[in-house]
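Subject: Structure handover

Hello,

I am passing a structure on to you. Please open it alongside this note, which sets out what turned up.

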Amino acid sequence: MTRRLFRFDSCRIDLATRELHRGGELVALSPRIFDCIAWLIEHRDRAVGRDELAAAVWGKADVTDAQLVQAILKARRAIGDTGEEQRAIRTIPRFGYRWVADVDVPVPDDVPVIVPLPAVATDEAAAPVTRSASRRRPFAVLAFAAVVVAAIAAWPLLRPERAAPADAGAPAAQTTIAVLPAMVSAERDWSWMRLGMMDLVADRLHQAGLTVVPSANIVSLLREQGEGTAAEAAVRDAVAPQWMIVPTVRRTASGWIASLEVQGPGGNVRVVEADAQDPVVAVRQAVGQTLPLFGRIDAPDGSAVDDVVARVRAALLRGDFVAAQGLIDSAAPAQRATADVQLLQGQAEFGLGRFEDARDRFASVLGELGEQADPFLRARALKGRAASQFRLSRLKEAEDDYEAALALLHGRDDPALEGALYSGRGATRAQRGGNDAGAMADFARARIALRLAGDTLGLAGVEMNEGALKGRRGRPVDALASFRAAERHFARFDSRTELAAALANQIEAHLALLEPARALEVGERGLSLMTRLEDPSARRLLEYWRACALAAVGRLTEARTILEALNHAPDASQDAAMLSMSQGRTAMLALAAGESESAVALARQSLANAAGSPWNDARGESWLTLVRALRSIGDDAGAQSEVERFSGWARGLSDPAVDIMVRLVQAEQAWGARDAESASQAYSTALALADRFTVPADIARVAVSWGSTLIAGGELDAAAAVVGRLERWSSTDFACALLQAKLYRALGQDAAWRDASRQVRLLAGERTVPAAAVAESGDDGPLAGR
């Protein structure tokens, strides 16, 4: 097994054996203090927040400051540090802690040697690549996309250069402002102004160079809130702004009056007011009168925001993409043709799940704008196209667009847009694989920019993307902590699409850890959310992973019902990657139920829809299912052909999860051909790979297959060495428990066999329990003669 070793000062910590040595002596530590030290070392590239550390060590965020301080005190003592010196663990005031001691990471001497995949005849060309161990499971298969595009409509589409401050000494740059939804006193037809005027005020303040909490944050946070003091308290609690602005717009006999109540530090309140024939003009004038309070002067408004644009932006903010599209359709032809309205239409199309239409729309805008257009406008168009490319699995094109957008912003001050772009590029790089360091650097840059922009929701998205990257690196426990932290933030803001992704990621992480019951608990939490999801792709994502959790606990009928609905949904073809995954999972269940012909057909459909998908191990699972199904119907030649195609495709990847499956399918094929030596070598290599990356689901996948063949072949000593690896998961995972029962029966261990049999029946659910492997309930007879 690969061991994660770190040395610092006179200490040596081994994360695999969970031992800390100081000066050559073993230090006795409680599990939580060890975890505290380990988490800080593993995340030494950045500061770790108190909530994150609490979630990682205690598994929850509601840990008292006293508990956390005591844990840090004990951790420092264990490594010879103190609160005064802080040579290793530094306190970051009002935030958390950071590991600052130099750390040496020695190369362990027990890393298994991985034999290269053998060359096979194949009709699929695969250029040789340098193999890497960086890619892991597809955590956030679609969650990345949800986070990447969360801020598409956050800031203006057309914007001038920022206004210069009136007083260079004013503290405006340090000011964070939250603008609440407007209180509107007018007929029902003007209800759109509640969000539209809020966004207009935030937009104008942002253009003046002030830090304003993005409107999307406020709308998400107050989705279920009313107006007045409750809304103000919720905003103060969640984003802690220094200033808060409450707009009011009321209709009069002669026009409109817009007033802005400006609530400053220390309870100071100022009210500014303007009147005009048009409500948009009145709000702009009121903002102009407010800017001097922040040391700013008003600037000419080049954003061309009019009544129609404001209405559409309000519809997008509340997530009503159909209404936004309808408003655009009803606009005058000349207005619809403008760049800002075309970009709004692209956002509406994206929100409706029409990703190809959105991509083409953004591309058309870029073509019409030309290279000399406003850089902020081009950057937003590139961002929209990049997000669309991501959802279409065109990751290289998405990364190129993010790169181009960031280049346009170089030297310009727009942390909100810059943070969203870095977050998007980091997610794309992580999804592509091979550049984890670049992805982490992008996430780090995104954190800084989004914090400067006051974008708490964007920061939660970065947290989840970082968790997904930890999952790819074979660290599902670490990933879970990030996903839980992200869930708390998304739930607080009622950010439903991103919340669905956080829940789906947690389900996948629990399944990777062979914790199906916990996975289902998360899935059940997501049931109420599904009815409130406007984003169809987010709903499909959560439904898919809930079905996987149901299958893992043996509730097969429910799982297949959900998967069949996903497979045959009217809009299923619009999301080929998700369709491929649901077809592949259905094929696995069909094969387990003995429906081999159906499994073959479903697996082939899954592979056809997976073409171009970046989620390689889902495609690998479908190929593994196809080979097994072909062998089960006696088509050995067809199975061998698919093994060769699978192996040839995998040679062009840098994905250890796929490598494990390729070795496994080669081993099973060799065993079926009675080539025991080749099978043993392939099994051994597959298990060495799985051990190296330490994901329980990978280890179990190989050990269950190899252990079964060894038991069937009567090689019980060898079987015990393999099956013994699964003992720790036999209390939670059906396949591990069943294999353990088979081994005890073959060894003639009567009492152990009966105990294992009870556990198998407990975990089986609707799964068939083979009578030859387990004892019947209430059967106390001896093994002899059975």
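**What was found**

The protein chain holds 34 helices and 13 strands (DSSP runs, H or I of at least four residues for helices and E of at least two for strands, numbered from the N terminus). This is a predicted model, in which local features need pLDDT of at least 70 and side-chain atom pairs count only at pLDDT 80 or more, while totals for chains, interfaces and linings use all residues. Residues are numbered from 1 along each chain as its sequence is written, and side-chain values use heavy atoms, leaving out hydrogens and water.

**Overall**

The protein chain has 786 residues, and 56% of them count as buried (under 20% relative accessible area, with exposed over 50% and partly exposed in between, for a 1.4 Å probe and protein chains only). Take the contacts between residues at least 6 apart in sequence: 63% join residues at least 24 apart (contact means heavy atoms within 4.5 Å).

**Cores**

The largest nonpolar core has 95 residues (a core is a set of buried Ala, Val, Leu, Ile, Met, Phe, Trp, Tyr and Cys residues joined through side-chain atoms within 4.5 Å). V179, M197, L205, V235, I245 and W545 have the most contacts inside it. Helix α23 (residues 536-552) gives the largest share of this core, 10 residues. Another core lies apart from it, with 55 residues, among them A590, A650, A679 and V702.

What does V235 touch, leaving aside neighbours within four places in sequence? The list is A178, L180, I218, L221, L222, A240, P241 and M244.

**Two helix pairs**

Start with helix α16 (residues 415-432) and helix α17 (residues 436-453). Their axes come within 7 Å and cross at roughly 160° (axes are lines fitted to C-alpha atoms, for helices over the stretch in contact, and angles run from 0 to 180 degrees between N-to-C directions). That makes α16 roughly antiparallel to α17 (over 145 degrees; under 35 is roughly parallel, 65 to 115 roughly perpendicular and the rest oblique). Their crossing is left-handed (the near helix is turned anticlockwise from the far one by less than a right angle; clockwise would be right-handed). Residues of α16 in the contact include P415, Y422 and R429, and those of α17 include D442, F443 and L450. By class, this contact has 13 nonpolar, four polar and five charged residues (Ala, Val, Leu, Ile, Met, Phe, Trp, Tyr, Cys and Pro are nonpolar, Asp, Glu, Lys and Arg charged, and the others, Gly among them, polar).

Next come helix α27 (residues 616-632) and helix α28 (residues 636-650). They pack at about 165°, with axes 8 Å apart. They are therefore roughly antiparallel to each other. The crossing of α27 and α28 is left-handed. Among the residues in contact are W623 and L630 of α27, and F646 and W649 of α28. The contact divides into nine nonpolar, three polar and five charged residues.

**Two single residues**

C736 sits in helix α33 (residues 734-747). Is C736 buried or exposed? C736 is buried, at 1% relative accessible area. The C-alpha atoms of C736 and R701 are 9.4 Å apart, and the two residues are 35 apart along the chain.

S388 is part of helix α14 (residues 375-391). S388 counts as buried, with 0% relative accessibility. Beyond residues up to four places away in sequence, S388 touches F350, F355, A358, R359 and F362.

Best wishes
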